[in-house]
Amino acid sequence: MIAVPVINLSIYFYSAIFIAIVFVLFLLGGSRNKTLFKLALRSFKKHKKRTALIIVGLFISSTMISSSFIIGDTAHTVINSTIYSYYGYNDISIYSSNGYSFFNYSIFKSIYQNYSNNPQIETINPLIYTSNGSAYDLTNKIPQTQINIFGLPFTNRTLTSFTYLKWYNNSSNLPSVYMDLILASTLGASPGNKIALIIPRIGYKLFILRAIVSDNYAGGVMNGDNAFISLGSAQNLTSRQDQINEIVVTMTGGIGGKPGSISLSNRMNATLAEINAFYKTDLSANPLKEEALTSTASLTGQIITLFMVLGLSSVLTGLLLIGIIFITMAEEREQEMGIMRAIGMKKRDLIKMFVMEGVLYALIAAVVGTFVGIPVSYVMIEDLVKIFSSALNVIAPSSITIVPAHLFVSILTGFTLSVLTITIASWRISNISIINAIKGTHIIEKSKKQSIITYIWYALFFIASCTALITGIDTKYLEIITLGITMLSLFMAMTVYKITRNGVVFAVLGIFYLYFWGYPDLFNNLFPKYRALNSSYMFFESGIFLITAIIFIILPNIKQIISAIARLIKSGKRLSILLLSFSYISNNRSRTSLSVAMFAFVTFSVLISAMFGAMVNSGVTSHINNITGGYNMFLASPVEIKNFTYDSYNNTTIRSGTDLFAPFMNMMVSVNVDHSNRSMSDTLFAPLDPYPFTGNFFSDNKYTFSRYSDNFKTPSSVWNALNDNPHYAIVTALPSIPLNSIIIINRNYSVKIIGIINTPAFSNTIFISNRSFNVIRSFNGRSSSVYTTALLRVNSAQIDQLSFIFKKIFVNDSLVVYNINALISQFTTVNAEFFQLIEIYMYTGLVVSIAGLGIIVFREVIKRKQEIGMLRSMGMTEKEILKVLLMEISFTSITGILIGEAASLILSYDISYNNSILEYVIPWITILEITIITYIIIILVTLLPAYKASKTAIAEAVKYTE
Amino acid sequence: MFKVNDDVISAINITKVYNMADEKVIALKDITLKIKRGEFVAIMGPSGSGKTTFLNCMSTLDDITSGKLYIDGKDVDTMNDASRSAFRSIKMGFIFQNYNLIPVLTALENVELPMMIANKSVKYSKSRALALLNKMMIATAAGRRPSELSGGMQQKVAICRAISNNPAILWADEPTGNIDSDMSKEIMEMLVNLNKNEHLTIILVTHDANIAKYAKRLIKMRDGIIESDSSASN
């Protein structure tokens, strides 16, 4: 549970200044024209419920922005805490560039003499560290492999200020070992137990478990499976008398101390250069903690960006809502605005009045929304921690992190977005004709001056379109070039429409958009040299234009659709309901379009998240053979295990429980492509003869090739060729290395790539034959460190039992066992939970839509009171009036939902088209759930005002005027 | 079974009381009257006399507090909402001062609508609506919305709509209140013709004595009671 957040008081300072400035400007504006000021304020007093709904609808932008910031800032805190916990007092680590190779203890003395008096340094400690050890509890006979063993001077309390949970006080001849709780639990060890610590290829030593300690070691390691012994004991265990393999430098200022380790490391490296020359070592000083802390800054930015992108559709929904609100308000006040104009009010004043009112709404909404973002992000973070805590070893936050400046930015951004949209929406009001407004005809006529302004807008839009196009061509960014083309085609359609006044032009544009944004792989073909700046922005852009495309196709042709439906209905009564509801829809085309778009965006954002999660999981599940190769267990030892297959086979449980056994020899190598200077590190996998187990990796594995050489007809012939020819190699997708290239291993052995397997289970892996492996190994002599791995298919019911047996038999080789299916299952579970959370996050947009719908229905019921009365006097029943209203709402919302769903289906198909992991699936149940849930919520929200409207007293209603 | 000359409205001791915040307002007091089929009745009275309440209660737009009301021989007080709505749809037409046309429908659709509500076939509704608009000399306005029509034309469309289902009674509440005198004359002559030629019962509420002159019978109201009920001279 996350504690209640502690907010820095300066947030109030920032917000207060901002609010004060806006209010001063607002009052100054009002004081010059008190009538305007009063008119702007009256709606707040008169329509309290509606004001509340408008604010609910408007605050979402600020909520999404502030929650993105808080999630990102908290993630930053979590990552930093994890880094502080991981490195602890290990500010600078001195070790060999060949990993943790041993070096003479006198080097430590030399460093100590040089630097111990440096005021920046608190302590310098010699250390032995290995991550390849094993432990074996002699009492319980339980092994644990690949544990971290630390040999350190216990006299120094900086690194070893452990919290002792249980301890053993009696004396013993054996040296002491301290264990963290996780390792002790795995071994079932109690203080006083005899523990064998094993170093593969070296041997073992017996220890007495002196204490079980909390996982609070502060010297550079993740929690779990850690054993601590004295430096002397470690030297004995590793047979490295007078040697160590790490020096840890702790700087002053504690774990979260002031930075400066990078510059200090540079100075130390100068010293180390002399030492390296003298001792023939290759030691370097590494300020790992400070480097890690620096690199997380970009990660925080990425997390904020991710949630910003996720929130964009809700922000967009909010902006659409503002448009709807102001169109509705303009309609409502049309007559009174006409009268105001008639008695001398300027158009500019009308806009001012609207903007003034809008500023008030926007200001309240921005502040409320930003603070609503706090509980939203709180819930999100708590769920994210739950989802990822088991998969990622991160420290759960004790509170959420609120950066006042970021909250201020959220308020400001939300406010600015709202005010900008309000100003644009209010511009329409200035076009009002006095006569038409007084008559309440809802007809907007443009004066000559306004037409000129419209042409200026057109010209600006054209310039913006061309700028986007040219910038796109110049920068080669896919987002910008596609935006340029889309804007330019919209400009052309608007121009044609202006001349022809034929709505079909938008339908044609819609079809073009659908093709341009929906046809898979089109961008790759059209713009092969362009790349996306950020693929998530690209998806968002695609979503917007796919929705726009479908709206363009449907809404200009709504009359034809209605006529087609009407032709199917023979009953006059049913048709009267349909005619009325559809006439209201088609009569308010701009508002209907905005409402449909609003529901479409909400549905799109929710469904695309759900579909993405489903596609990943389906892809992983259906490509399980490709990922696992048909195996369900992976074994890895840091050393070459002699007699690996025989020792395994000799155990009857292993023998009976194993279907396939594919052992490998492995080695880390450097790889160059065709003698180029480009070098990378890869792992060689050479399949070994599995005898006495049956089968053969070359014929048994289920990995699939993404490509293989034309010389081979079948995948199995590729594997067979690898076995036969020592100069062939099969690789996992190495970055930009094509098929049939020659690669040079360790600068002296060339192989040709005959096949590329596409599995996420391996990365940077080269499969070669056993013969080739031995040749490469012989070049390196003793310095090559060969190790052993194996892929197995075992009886899944016995997998835990077999894991235990493998670890026990090969405890001296520190063999670690991975349950592949469990890892995949963990991945799919985390993935499903994560996307479900994102789905819920996206549903916040629904709050906006529902608020919008509430405003529309409230308004419509008042506006249509007289009409409802008239319909009742003509013989329509209360039930039929309710049907008219609900049918209208249903059409708008269901059309929006279906458009959003269609856009999600198209876009997710596009995403999966070029991705070998994602598998296109249509989650019908999720689609049905989203449709039903959204629709039910909409109906529930609108049912009450619609029901009240249907119950309108007829006599009162027929005489009603607003 | 009703005969041709039967009473189309029979009201016995009708009372209407409005419950206001602190007091009860008696809008109609113990009204008893009969209106015969084919009569053209004008209801007059000063503001607040109860003439509009009378129209609302007699036409079933509003509930009565007590009394008995028979329209075309049916006790309307015993009807539920659905049957009362169906009854209104077939038996009554309404025209109001503000025309009350549905703004999102065209003139033709406005006239078609009552017939659709009465569940007449789509084909019949359309041909009848066109015939009515033609008869009223406003066929050219069929495809136009109310906002595109003058007040007089809107009221003509409203009359077409009101008579589209061949109702037994046409209720007219200040039908000429918003239109000029020439158009008012034209509208009133139309109503007289409908009454004369089609034996349509018309009950007209007005405060204008010149308009009331078109009716054959004049009922004067004051303070919720019928002050006088006599045949008016043309």
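**Notes on salt bridges and burial**

1. With a relative accessible area of 9%, A:E888 counts as buried, a class that is defined as under 20%, with exposed being over 50% and partly exposed in between (1.4 Å probe, protein chains only). The side chain of A:E888 meets that of A:R864 in a salt bridge, at 2.6 Å from N to O, where the term stands for a side-chain nitrogen of Lys or Arg within 4 Å of a carboxyl oxygen of Asp or Glu. This pair links distant parts of the chain, 24 residues apart, with A:E888 in helix α32 (residues 878–913) and A:R864 in the loop between α30 (844–863) and α31 (865–873) of chain A. A:R864 is buried as well, because its relative accessible area is 3%.

2. On the basis of the values, this is a predicted model, in which local features need pLDDT of at least 70 and side-chain atom pairs count only at pLDDT 80 or more, while totals for chains, interfaces and linings use all residues. Residues are numbered from 1 along each chain as its sequence is written, chains are lettered from A and ligands numbered from 1 in the order in which they are written, and side-chain values use heavy atoms, with hydrogens and water left out.

3. In chain B, the side chains of B:R37 and B:D72 form a salt bridge at 2.5 Å, N to O. B:R37 lies in the loop between β2 and β3 (40–44) and B:D72 in the loop between β4 (66–71) and β5 (74–75), so the pair ties together parts of chain B that are 35 residues apart in sequence. B:R37 is partly exposed, at 26% relative accessible area, whereas B:D72 is buried, at 10%.

4. Over all chains, the search of the whole structure finds 21 salt bridges. A network of them links A:R872, A:E878, A:K951 and B:D81.

5. A:N831, in helix α29 (residues 820–842) of chain A, is buried at 8% relative accessibility. Leaving aside neighbours within four places in sequence, A:N831 is in contact (heavy atoms within 4.5 Å) with A:G613, A:V616 and A:N617.

6. Which residues form a nonpolar patch on the surface? They are A:I452, A:I456, A:W457, A:L460, A:F462 and A:I463, with about 600 Å² of accessible area together. One of these residues, A:L460, is found in helix α14 (residues 448–475) of chain A and counts as partly exposed at 46% relative accessibility.

How values were computed. Patch = residues over 30% accessible without salt bridge, like charges linked within 9 Å, V, L, I, M, F, W, Y side chains within 5 Å. Areas by Shrake-Rupley, 256 points an atom, 1.4 Å probe, with all protein chains shown as cover. Helix = DSSP H or I, 4+ residues; strand = E, 2+ residues; numbered from the N terminus.
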